Structure formats: structure tokens, C-alpha cells
Amino acid sequence: MTGNNTMTRPQLDPVPATDPRDRGGPLQPMLIVRGLKKHFPIRGGVLNQTIGHVRAVDGVSFTVQKGETLGIVGESGCGKSTLARLLMHLIRHDEGEVIFDGDPVSETQGISLRDLRRSLQMVFQDSSSSLNPRKSIVNSIAYGPWVHGVPKIESQRRAQDLLRKVGLRPEQFGLRFPHELSGGQKQRVNIARALALEPRMLILDEAVSALDKSVEAQILNLLRSLKKHFNLTYVFISHDLNVVRYISDRVLVMYLGEVVEIGPVDDIYQGPKHPYTMALLRSRLSPDPDDRLDDAPITGDPPNPINPPSGCRFHTRCPFTEDVCKAVAPSLGTEEAGPHRVACHMHDAASGHSRAGTVLPQTRHQPAAAAAGL
Ligand SMILES: Nc1ncnc2c1ncn2[C@@H]1O[C@H](COP(=O)(O)OP(=O)(O)O)[C@@H](O)[C@H]1O
Ligand code: SF4
Ligand SMILES: [Mg+2]
């Protein structure tokens with residue numbers, strides 16, 4: 001069964017003008033993240049003591065405005081999923097804070113975990129393991145509202161309506177079980193399930209990464225329509241830069257647990273400032289044959305997050321490394337510095353880096369970075 005021939009057009013109504021759940025007003029960011037850290041302990045030795053920490057998320061700060069899509073990119077292992085789980089409060093952070101529509105997220109104050117789990121939902125990459133194999137599709141979607149106190153009949157009616165909204169006819173799919181669906185259809189069901197508690201924000205962690213390209217495009221378009229229809233805010237995590245470009249308003253680039261660059265999507269893709277972002281952009285597969293590169297764009301594996309490099313964590317792979325890079329960690333700066341910010345000494349006139357203040361020449365292929373071996 002393919003994802004194409006059984007699909008209906010999602011049935012969506014016009015966008016609601018205002019959202020009565022909007023407590024902090026339209027200018028209050030949906031999410032504020034400040035100095036978030038998660039260091040996983042590693043145990044070993046005869047006494048099974050803590051012998052080190054994986055610095056998975058190491059001082060991450062950003063905001064997400066209402067109605068926007070923030071894309072998060074970075075190589076595998078850079079901390080994207082850990083960050084997502086911290087935002088959902090599925091794991092506890094060691095340091096920092098998360099503020100949801102003006103309310104702190106913690107066990108003791110601000111928004112309760114129950115309200116947070118209603119307002120903030122997550123869609124994962126693995127569409128199969130997210131669904132209970134013994135529950136029919138309609139029951140899987142209705143389960144969330146039902147445990148949150150919505151009567152059974154109303155929960156089922158809501159589930160059928162959501163199936164229609166994600167483009168699956170309830171009379172055709174409602175009573176099927178997950179193994180009877182294609183990957184794309186399962187991901188549509190997962191999206192419907194995430195929407196069943198009427199959340200305000202979705203965190204999509206590699207949500208389209210396991211799908212065929214044609215199905216991926218359908219799901220991305222569905223996500224765009226649903227966002228408008230339900231007045232949603234997205235954090236969209238992916239290692240695929242083309243997908244992130246298509247769906248995001250702003251993009252945050254992570255490297256070894258830190259944010260190295262953040263900015264509006266066009267600024268990042270047309271004028272990347274961090275050598276790592278340049279390398280990532282050069283490594284993506286372009287659908288345009290004239291835009292493909294034969295040379296390896298980035299060399300070496302990321303360093304171990306248990307013992308990350310001193311100073312700038314990218315210095316072991318960066319062709320512009322100087323002594324200051326090994327000694328001093330560059331700062332991303334605060335939001336007052338503008339929408340496009342980068343943590344690199346070359347972009348800090350006072351850093352002492354010999355290229356500080358000079359702008360790297362750029363074209364579609366960023367030849368300065370290419371010449372330097374990135
Ligand atoms: N529960 C855990 N215990 C120890 N290390 C972990 C745990 N979860 C993730 N990590 C480590 O944290 C780092 C970041 O992982 P992850 O957030 O999954 O990255 P990404 O999603 O970007 O691939 C990796 O080095 C990973 O091995
Ligand atoms: S701070 Fe130095 S090592 Fe880090 S990205 Fe900039 S030039 Fe490269
Ligand atoms: Mg991940």
C-alpha cells in the first residue's frame with residue numbers, strides 16, 4: 001500500500017483570528033529557553049561510580065515566537081533530541097529554565113506538567129513504535145482526550161474529525177490497526193494523535209526523516225496547512241537541511257550541545273556566518289544537479305561530547321582555527337544583538353582573531369570555505 005492512492009485532501013477550515021488560550025498576549029514568546037543544560041552521567045569501574053558526563057545540551061538559549069516555525073539542525077549526536085525531551089519535560093534539565101507562554105515549566109511553580117502536556121506535543125521519527133499495535137487508529141487518537149476527561153463518544157468524534165483533517169477517511173481507516181497502514185499514513189495518525197488534546201505547539205523530532213521523498217513532501221505540506229488551521233507553533237528538528245529550509249521561519253544550528261548560529265531562514269541559507277553552518281550547507285544533497293559537489297564538504301567525526309574541545313568546540317575541524325579559538329569559547333551574544341547571531345571569533349571585532357571583522361566571501365557554494373577545505 002502506498003501513501004498516495006488512499007489519501008483524501010485534508011479538510012481544513014479558515015484560520016482562527018485569535019486564540020483564547022493565549023495568556024501572555026501575541027507578543028509574549030510561546031517558548032523562552034535560557035541556559036539549558038543536560039549532562040548525562042556515565043558510570044563505570046568496579047564500584048559503578050560516575051566517571052564522567054555526556055554534555056548533551058550545554059547552555060542552550062533561544063526563543064520561539066507565537067506562530068513561527070523554528071528549525072533545529074545539526075549532525076547526529078549534537079543534542080537535538082535531548083533538547084526536545086527537555087522542552088517536553090520528559091527529562092529534567094540540570095540548569096537553566098524553560099518558560100511556556102510566560103509561565104515557568106517546573107514541578108513546583110508555573111504551568112503544571114499536565115497543562116504542559118496538553119499544550120505541547122511531540123511527533124517522533126519512528127511512526128510505528130509511537131502507536132499501540134493493539135489499538136485501532138480511531139481509539140489511538142481518542143485515547144489522549146479520553147484520559148484527560150473528555151467523554152468517550154466525544155473523544156471518538158474528535159478522533160474521526162482529526163483523521164479527516166490529516167487526510168485519512170475515518171470510515172476507511174478508523175477501524176484499521178497500525179500494521180495495516182503505510183509509513184506515511186502512520187505518521188498522519190501520529191500527527192492527529194498529537195493534535196487530539198488541542199495543543200498550541202508541536203515539537204517534531206525527525207518527524208519526516210523515515211519517509212520516502214514523495215510522502216515526505218505530502219506530510220510537510222500537511223504540517224504547513226495544519227499549522228495555519230490550528231494556529232500552531234512548531235519546533236522542527238531535522239538533520240536534513242533542505243527539509244528545514246522548506247518549513248522553517250528561523251533556523252538554529254547546534255554543534256556538540258551548543259548553539260553556534262541562529263537566524264532567519266534566508267539569512268542562514270544565503271549568508272551563513274559560522275564555518276560549521278557553511279560546511280553543513282555544502283554537505284546537503286541538492287535536487288539541482290548544477291548545485292552538487294563532488295568533494296567531501298566536512299571531514300572527521302564530531303569530537304566526543306564527554307570531553308569536548310576547549311574554547312570553540314568546532315576548533316578541531318575548523319580551517320580558520322587560531323590560538324584564541326582553542327583558548328576562549330566564542331559567545332552567541334544576546335537577542336539584542338539582532339536576529340542573526342553567530343558564535344565565532346571571526347565575527348567578533350574584539351576577539352583577537354586575525355580575520356575578526358573581515359567578512360568571508362560567499363557565493364552559492366561558499367568558495368572561501370571550500371578553498372579552506374570545509
Ligand atoms: N540517556 C542518555 N544517557 C547518556 N547519554 C545520552 C542519553 N541520551 C542521549 N545521550 C547522548 O547525548 C548526546 C546527544 O544525543 P541526542 O540528543 O540523541 O542527539 P541528536 O538527536 O542530535 O542525534 C549523544 O552523545 C548521545 O549519545
Ligand atoms: S571561533 Fe575559531 S574555530 Fe570556532 S568557528 Fe570561529 S574561526 Fe573556527
Ligand atoms: Mg535525534
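**Figure 1. A mixed, open sheet of 7 strands.** This open sheet has mixed pairing, and its strand order is β6-β7-β8-β3-β9-β10-β11. The model is predicted: local features need pLDDT of at least 70, side-chain atom pairs count only at pLDDT 80 or more, and totals for chains, interfaces and linings use all residues. Residues are numbered from 1 along each chain as its sequence is written, while chains are lettered from A and ligands numbered from 1 in the order in which they are written. Helices (H or I, at least four residues) and strands (E, at least two) are DSSP runs, numbered from the N terminus. Two strands pair if DSSP finds at least two bridges between them.

**Figure 2. Strands β3 and β8, with helix α1 on the sheet.** Strands β3 (residues 69-73) and β8 (residues 233-237) run parallel and are joined by 4 bridges. Within this pair, T69 faces Y234 of β8. Helix α1 (residues 80-87) packs on the sheet and touches β3, β6, β7 (201-205), β8 and β9 (250-255). The directions of α1 and β7 make an angle of about 155°. Contact between two residues requires their C-beta atoms, placed from the backbone, to lie within 7 Å. Axes are lines fitted to C-alpha atoms, for helices over the stretch in contact; angles run from 0 to 180 degrees between N-to-C directions.

**Figure 3. Helix α6 on the sheet and against α7.** Helix α6 (residues 183-195) lies across β6 and β7 and runs at about 170° to β6. It also packs with helix α7 (residues 213-230): the angle is about 15° and the axes are 10 Å apart. That makes α6 and α7 roughly parallel. (Angles under 35 degrees count as roughly parallel, over 145 as roughly antiparallel, 65 to 115 as roughly perpendicular and the rest as oblique.) The α6 and α7 crossing is right-handed. A crossing is right-handed if the near helix is turned clockwise from the far one by less than a right angle, and left-handed if anticlockwise. From α6, residues G183, G184, Q187, R188, I191 and L195 take part; from α7, they meet V215, Q218, I219, L222, L226 and F230. By class, this contact of α6 with α7 has 7 nonpolar, 4 polar and 1 charged residues. Ala, Val, Leu, Ile, Met, Phe, Trp, Tyr, Cys and Pro count as nonpolar, Asp, Glu, Lys and Arg as charged, and the others, Gly among them, as polar.

**Figure 4. Helix α3 against α6.** Helix α3 (residues 137-147) packs with α6 at about 25°, with axes 8 Å apart. The two helices, α3 and α6, are therefore roughly parallel. Their crossing is right-handed. I137, S140, I141 and G144 in α3 meet V189, A192 and R193 in α6. The residues of this contact divide into 4 nonpolar, 2 polar and 1 charged.

**Figure 5. An antiparallel, open sheet of 4 strands.** The order of this sheet is β2-β1-β4-β5. β2 (49-64) and β5 (103-104) are the edge strands; each has a single partner, so one side of each has no neighbour in the sheet. Strand β1 (residues 31-44) pairs with β2 over 12 bridges, in the antiparallel sense. G44 stands opposite Q49 of β2. The β1 and β2 hairpin has 4 residues between the strands, and G45 takes a positive phi near 80° there. On to β4: 5 bridges join it to β1, and the two run antiparallel. K37 has E95 in β4 as its bridge partner. Helix α1 lies across β1, β2 and β4 (95-100), at about 70° to β2.

Figure 6. A residue is near a molecule or strand if its C-beta atom, placed from the backbone, lies within 6 Å of it.

**Figure 7. The shell around ligand 2.** Around ligand 2 there are 13 residues, and the closest are C312, C318, F320, C325 and C344. This shell has 9 nonpolar, 4 polar and no charged residues.
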